Amino acid sequence: MFTVSVSYARLVEETLRAAGLEIESLLRESDLNPQIFNDMGSCRVKDLSRILSRAVLQSGNPDIGLKAYGLVKPGIYDVVGYVMMSSPDLKCALQHLVRYCSLIDNGADFSLHREGSVYRLNSNRHGGSKGIPRQFHDIGMAALISYLRWLCGSSQFTPLCVEFMHPEPVDTAEYYRILRCPMQFNSSNYSILFDAAQLDSPLSTADAALESMHERFAEQRLREQASQLSTWRVQQLIMERLASGEPTIEDIAAALCISKRTLQRCLKKEGTQYKDLLNETRREQAHLYLRHSHFSLQEVTYLLGFHEHSSFFRACSRWFGMTPGQYRARRGFLRGDAQESHAVAAYG
């Protein structure tokens, strides 16, 4: 499941306390562990979503997430915040946020790109935002704007525009009070737009030596996060899903509770990419099915995630230089090889 860091979870707790809510009561009503905000193993996003939804019902305040704005401290983003803090300018700080965002929330996927004289910081949730209340996103947006203003040393720092995916609330006064910029709702992404010149602003906290040190630590954290990832694990997940159709990289990333970007980066470090692993896994499975099972060619087609026989035949021509039937016949399966005539159930 997707999780957030313990520091970020504590921001959610402080936000609810600032709204005058009784946390213990909220947790009991949500049937959640009383220590959820102190779990060093990270707090699940789905649990935070339940708490926030319950908090809105208790308080009657749909803008409760925006209360996070005044509660942000320099350490809220852990090592990611320290890397950002020691960056030479805001653009570099945001680039660090993009790279290390999974250390704060492993379901978040940030990107930063230029559109003419404007930079757009996009935030997507891997697997989508279904089931996540807008208050969760409000906390994230309020916290980030607050942190950026602290970084550049000016409460007047204001983006060009902020875009939200959720519908426009009946009352947007609190949004405007905090963000102080144009906003769009029902957008395709959660985004912040900056004037390119804004991001060139030098940071008074810049320190090249500290930046290098914090980067090394953040990279180590990324490696630890990815330590359970391997090409073998990805191939296992692909095999488990092939019978339901061709799994996408997004499907596999979701199963690993990481973003697509993180998975791509991990595979690149191992010298491969997803499409190659998918192809290799299918080839290995095709060999096993054609040589060691009694599955018909039609059954093998679907077990490998192909929707059409022609696609399977073309793939076999690439892999083996012959049709599936020819490969099966030449491997001796149809000649009654006693040692290979049993079905290999483990690959079904």
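**A strand and its surroundings**

Modeller: Strand S4 and strand S7 (residues 190–195) pair in the antiparallel sense, and six bridges join them. Within this pairing, Ser-123 stands opposite Tyr-190 in S7. Please bear in mind that this is a predicted model.

On S4 there is also a pairing with S3. Strand S4 covers residues 118–125, and eight bridges join S3 to S4, the two strands running antiparallel. In that pairing, Asp-109 stands opposite Asn-124 in S4. The two strands S3 and S4 form a hairpin, with two residues between them. Gly-116 lies in the turn and has a positive phi of about 70 degrees.

These pairings belong to an open sheet of five strands, whose order is S3-S4-S7-S5-S6 and whose pairing is mixed. Strand S3 (108–115) and strand S6 (183–184) stand at the edges of the sheet. Each of these two has a single partner strand, so one side of each is left without a neighbour in the sheet.

In soluble globular proteins, nonpolar side chains tend to be buried together.

Apart from its neighbours within four places in sequence, Leu-16 is in contact with Leu-21, Ile-23, Leu-26, Ile-51, Leu-52, Ala-55 and Ile-64. Leu-16 is also one of the buried residues of helix H1, among them Val-6, Tyr-8, Leu-11 and Val-12. Helix H1 (residues 6–18) has 13 residues and reaches 18 Å from its first C-alpha to its last, close to the 18 Å expected at 1.5 Å a residue. The buried residues of H1 pack against several elements, including helix H2 (23–29), helix H3 (45–59), helix H4 (78–85) and H6. After H1 comes Gly-20, whose phi is positive, near 80 degrees.

The buried residues of H14 are Phe-312, Ala-315, Cys-316, Trp-319 and Phe-320. Seen down the axis of H14, these buried residues fall within an arc of 105 degrees, so they line one face of the helix. They pack against helix H12 (274–292), helix H13 (297–303) and helix H15 (324–330). Just after H14, Gly-321 takes a positive phi of about 75 degrees.

The cysteines remain to be considered. The structure holds zero disulfides. The sulfur of Cys-92 is 15 Å from the closest cysteine sulfur, that in Cys-152, which is too far for a bond, because a disulfide requires two cysteine sulfur atoms within 2.5 Å. Cys-101 is likewise in no disulfide, and the nearest cysteine sulfur, that of Cys-266, is 13 Å away. Cys-92 is buried, with a relative accessible area of 15%, and Cys-101 is buried, with a relative accessible area of 5%.

Technical notes
Residues are numbered from 1 along each chain as its sequence is written. Side-chain values use heavy atoms; hydrogens and water are left out. Buried means under 20% relative accessible area, exposed over 50%, partly exposed in between (1.4 Å probe, protein chains only). Helices (H or I, at least four residues) and strands (E, at least two) are DSSP runs, numbered from the N terminus. The arc is that of the directions from the helix axis to the C-beta atoms. Contact means heavy atoms within 4.5 Å. Two strands pair if DSSP finds at least two bridges between them. The expected span of a helix is 1.5 Å times one less than its number of residues.
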